[in-house]
Amino acid sequence: MSTVAAPRIAVLGFSIECNKFAPPATKAHFIARTYLEGEAILEEARRPTPTMLPETPGFVAAMDATGPWTPVGIALAMSEPNGPVEHGFFEELLETIERRLKAALPVDGVYFCAHGAAITTEEDDPEGVLFERIRDIVGPDVPVVATFDLHANVSDRMVDTIDAFIGYRTNPHLDMRERGQEAAAALRELLAGAKTERVRLRLPIVPPTVTLLTAAGPYAEMIELGQRKITPAIMNVSVMGGFAYADTAKNGLSVIVTARSDRAAAASLATEIAQYGWDNRARFYPTLTSLDEAVGKALAAGRDPSLPALAFADVADNPGGGGRGNTMFLLRAFAEAGVKGALFGIIYDPPLAAEAHRHGLHYHFDAHFNRDETTKFSEPWSAPARVAALHDGDCVGRRGIYAGTRLALGPCAALAIGGITVVVVSHRVQCADPIFFEMMGLEIGKARAVAVKSRGHFRGGFDEFFGPDQIVEVDLPGLTSPMLNRFEWTRLPRPVVPLDDGVEFKPPPL
Ligand SMILES: [Zn+2]
């Protein structure tokens, strides 16, 4: 394979995390974030501040740096986490990929930017469908390398149809670019003639999102174990936490080892990591702070400047997990209790942001939240407010998962409601970057309490202001509550930790 002077590499992707319980994602949601075909993928990937997440830019930069190649852009569809993808759009994308990939033949390799936790309104394993179709088109000998989000739900088909499986290793996801670079290194090696084998082991554990941090905890230890035990025989070890709310039969904490040689070593390492996770299963249960206790902490921080400032995470309404970013439980409780010196963001409410823009700066009015949002958690609420700041919502992420990424939040407004300043936006994004407050002229360092609609990615953006001891994860209702027993599951493998008693695990022979 290495005989090709400038190998033709197909570059494509489909990346979304889908919450079965949220309203469907349409083509418009992809277009609003990243939907590109052909050469435009490469042009965007090489821009200093691309709209796409950094795996593809990292892959392209590393390929550019490591020798000649001929990239062939196929299609790249990427969206904020949402509900299931409308199946009609998925079929349209599949058809586009087939048509463009066939037209691009012959290719010498394929890079696919995946998430791994997509579902459609009719298909629970869309990545598996895509990979199988790609494999059918390029044939058995052309290397296919794919990158995955750490929340991927992994099917056998996803592992069997590709040559190298490369998953993020950090949560918050701060290694996306590095994993793209790793994919380029893997592809270069495969182009030079290397062959791989993959082994996969899935545990009967569907970890609540808040238990999947990688700074510390059982999941961090599994990842660390995999990296520590890597040998020259092993190309990659990926420990995928999965995404519970996709509610599929393929859910479950999974270990995927891509071996250069020595399948037995890969199987033994996968088994050791999985066994470690199983032995620590009691640590995959969430502990959250009640709303009453959270309000008490916010009031105390506002009253007493000698106390540390606190960050309150509304983990149950995380747009980064398909939440709408508009539930009122925490804001209402803070406002009614008279919390002072607080920032609150970011609330997805386009009509309210538009109204604030119509009124103009310093206007006083009754802010009506959720006047036409319809999920059962998105209740209407109103309060007297003053327009404290306005912005067009165009920004570049400063820190954490969005660092260097170009974002359009649409018309934004900061509303002063009592002692709380609330940032309202028109495009649904999780509050993972301080820029969303800073662009409104708000100073996080001066706030006594900062409430964020985010499960965990805010940790990578707000770590300048809040250490782990200053973070309060609040137990509230919502589409992304870590309390998994509050959902009606239909597809999750059962019995499973943490939902059931008497779960057993015996590693199968690999
Ligand atoms: Zn993720």
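Hi everyone. Helices here are DSSP runs of at least four residues, and strands are runs of at least two, both numbered from the N terminus. Counted that way, the protein chain has 14 helices and 19 strands. Please keep in mind that this is a predicted model.

Let's begin with the overall form. For 510 residues, a compact globule would have a radius of gyration near 24 Å, and the protein chain agrees with that, at 23 Å. Along the principal axes, its C-alpha atoms fill a box of roughly 70 × 50 × 40 Å. Of the 510 residues, 63% are buried. If you take contacts between residues at least 6 apart in sequence, 75% of them join residues at least 24 apart.

Next, let me take you to one strand, E9, which spans residues 254-259. Is E9 enclosed or open? Six of its six residues are buried, so the rest of the structure largely encloses this strand. In a regular strand, side chains alternate between the two faces of the sheet. Here both faces are covered: Ser254, Ile256 and Thr258 are buried on one side, and Val255, Val257 and Ala259 are buried on the other.

And which strands pair with E9? Strand E7, residues 197-202, pairs with E9 in the antiparallel sense over six bridges, and Glu197 stands opposite Ala259. Strand E8, residues 234-240, also pairs with E9 in the antiparallel sense over six bridges. There, Val239 has Val255 as its bridge partner.

Key
Residues numbered from 1 in each chain as written. Predicted model: local features only at pLDDT ≥ 70, side-chain atom pairs only at ≥ 80, totals over all residues. Heavy atoms only, no water. Rg over C-alpha atoms; globule rule 2.2 N^0.38 Å. Buried < 20%, exposed > 50% of the residue type's maximum accessible area, 1.4 Å probe, protein only. Contact = heavy atoms within 4.5 Å. Pairing = 2+ DSSP bridges.
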